[in-house]
Amino acid sequence: MKLKLQITMGLIFVILISSLNLIIIAEDSEYQTEKQDLLITHPYFIKKIVHAKDQKYSDFNQEQYKPDISFINLEKDVLISADNPDGDDIHPKIIRKDNTLVMTYEKSINHSSKTNPIVWSQNYGQTWTTQFELDSSIIPETSGIMQRPDIKYVPGIDQFYFSAVDPEAYMYNNVMFWIPGNITTAEEALAYAISGPQNYYDSATGATENWGIAVTTVDAYEFNKTFSLGYFTYPDFEKPPVMGGYYYDCNRVHNSSPADKLEMDMNDNRIFLVSEQTEKGKISIKSTVNNEALLNNGEVQNGFDKYADIENWPGEYIANGSDPDISACEDKVFVVYLENDTIKCKYSTSSYGYEPYFDWNESTIDKDNVYCPTVYAYSTKKIICAYVKDNNLFVAKSYDGALTWGEPYQINDIDGTVVETSGSVAISDMGVVWTDNREGQSDIYFQLNNEDFFIPIITFTGGLGITIEIENIGDISVENIDISISIDAPFIIIGKEKIINVSIDKYESITYRMFTLGFGKMTITVDCGMFGSESASGILYGPFVWIT
């Protein structure tokens, strides 16, 4: 018997447990499709507020820590997951917001408990603070095992969006969180969970300007490991108003099931989902527009939401291979993967519209005993790939848009201890995180990308007052950093010190003019905090300055 799935708003049950700040909502989801062959039980939802983890801040004193740029060349690998000496920590993910690195990973406490810490660093990854330890056991009908975490920053609402799966949960298998963008002082994170089909496997997270996107692989509509997808708004995890809600992929537009090793990224015009189609041994990519107005315009194609429904996303196989990762920038997209013990990169432009109109090119990065490739695009020209080779961590870089790659080099200090299982390496523009077993169990380590940071070059010019130019010659743009300007002279009436808040794009500069009034030999210092400082000597005569 063929069934048409049409679930309308039904009775809503609300249970409030004030001591836990817990609201459980079970509701019939408003969702109408033409998909047939299976009547899936309606999703259930749960919400909860999670409080920040108790922590000590004494290990990093921002006011006292003012190193020069030489610390960038530290060779020591930085241990992140030091609080779990007897358990395994795996599957790291890392992103950056302004000057703050944020990462998450799977923390295996025992065979029945796996949490996802949210940790951050504001000193180039040299020390890390755990702000939250996310745990699905706070939610009824879950198993306490959270795996395959992923996290993205949602700029329009200044929130981090997190998603993971609890594959052993009786209900509420897809667990997600909104985490405040000011993560270093955040005290609460809002949790949400949803349940549909029973078998959940993998997870990937995306974001638009204002929404979080959760993609999981599930068993549904007689497909093994097919995609489910939801768009979620802040703070209530509601679907955007015109959308159907939670979508499932019946593989009618593109057969990506069974899908494994999911990864997502976005560029200026598209949202990308790359995976391994395990039956065919192929790298599969699906994509849609990165435009909230189009995603939410209600246009229908093939009986489904044209742009929003994962069923309708255009897809294709781009290569034979396994273990893909993806990074996108401006109108470009870069996919790295394994094929016949070789790491390859497929790269293309992408169009704005329903069809992506890819034009794929291919390059080779490294070969022989290589595993776990991951990629980050700084720009359409500069690309970095990190991967495991002979149980060591290697990095290769391209400066011509992935057409050619430079000589790979090893960045871990202890030979032969990098874990080579899928998902053991992740990369951002500041550094690489990986899984390492040098202490016997699996731990998460961090290493800075040596040249890939903010480097201020400071120039002083005298005259009527002082003109200060700060040029960023590094590969990272910075936003809202405080820079202190101070003048030391025998007699100063005006302009002894000033704090300015600036943002500087990579390869760009800013100019600031400071008026001062005083007399005598002077020293002017511009202090960029953790990014270094620069001083110059001169003579101050009334409002005029001579730099000597």
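L464, F491, I493, I494, F515, F519, I539, Y541, F544 and W546 make a nonpolar surface patch of about 1,000 Å². The elements that give two or more residues to this patch are β40 (491–494), β44 (533–542) and β45 (544–547). The model is predicted, so local features need pLDDT of at least 70 and side-chain atom pairs count only at pLDDT 80 or more, while totals for chains, interfaces and linings use all residues. Residues are numbered from 1 along each chain as its sequence is written, and side-chain values use heavy atoms, with hydrogens and water left out.

**Nonpolar patch**
- Patch residues have over 30% relative accessible area and no salt bridge, and nonpolar side chains (Val, Leu, Ile, Met, Phe, Trp, Tyr) are joined within 5 Å.
- A salt bridge here is a side-chain nitrogen of Lys or Arg within 4 Å of a carboxyl oxygen of Asp or Glu.
- Accessible areas come from the Shrake-Rupley method with a 1.4 Å probe.
- β40 gives the most to the patch, with 3 residues.
- I494 lies in strand β40 and counts as partly exposed at 40% relative accessibility, where buried means under 20%, exposed over 50%, and partly exposed in between.

**Sheet β15-β16-β17-β18**
- Four strands form an open sheet in the order β15-β16-β17-β18, with antiparallel pairing.
- β15 (200–207) and β18 (246–248) are the edge strands; each has a single partner strand, so one side of each is left without a neighbour in the sheet.
- On average, neighbouring strands of this sheet are turned by 25° against each other, direction ignored; the axes are lines fitted to C-alpha atoms.
- Strands are DSSP runs of E with at least two residues, numbered from the N terminus, and two strands pair if DSSP finds at least two bridges between them.

**Strand β17 and its partners**
- β16 (residues 212–220) and β17 (residues 223–232) pair in the antiparallel sense over 8 bridges.
- These two strands form a hairpin with 2 residues between them, and Y221 in the turn has a positive phi of about 50°.
- V218 has T226 in β17 as its bridge partner, and T216 stands opposite S228 in β17.
- β17 and β18 pair in the antiparallel sense over 3 bridges, with S228 opposite Y248 in β18.
- Of the 10 residues of β17, 7 are buried, so this strand is largely enclosed by the rest of the structure.

Definitions and conventions: Axes are lines fitted to C-alpha atoms, for helices over the stretch in contact, and angles run from 0 to 180 degrees between N-to-C directions. Buried means under 20% relative accessible area, exposed over 50%, partly exposed in between (1.4 Å probe, protein chains only). Patches are made of residues with over 30% relative accessible area and no salt bridge: like charges are joined within 9 Å, nonpolar side chains (Val, Leu, Ile, Met, Phe, Trp, Tyr) within 5 Å.
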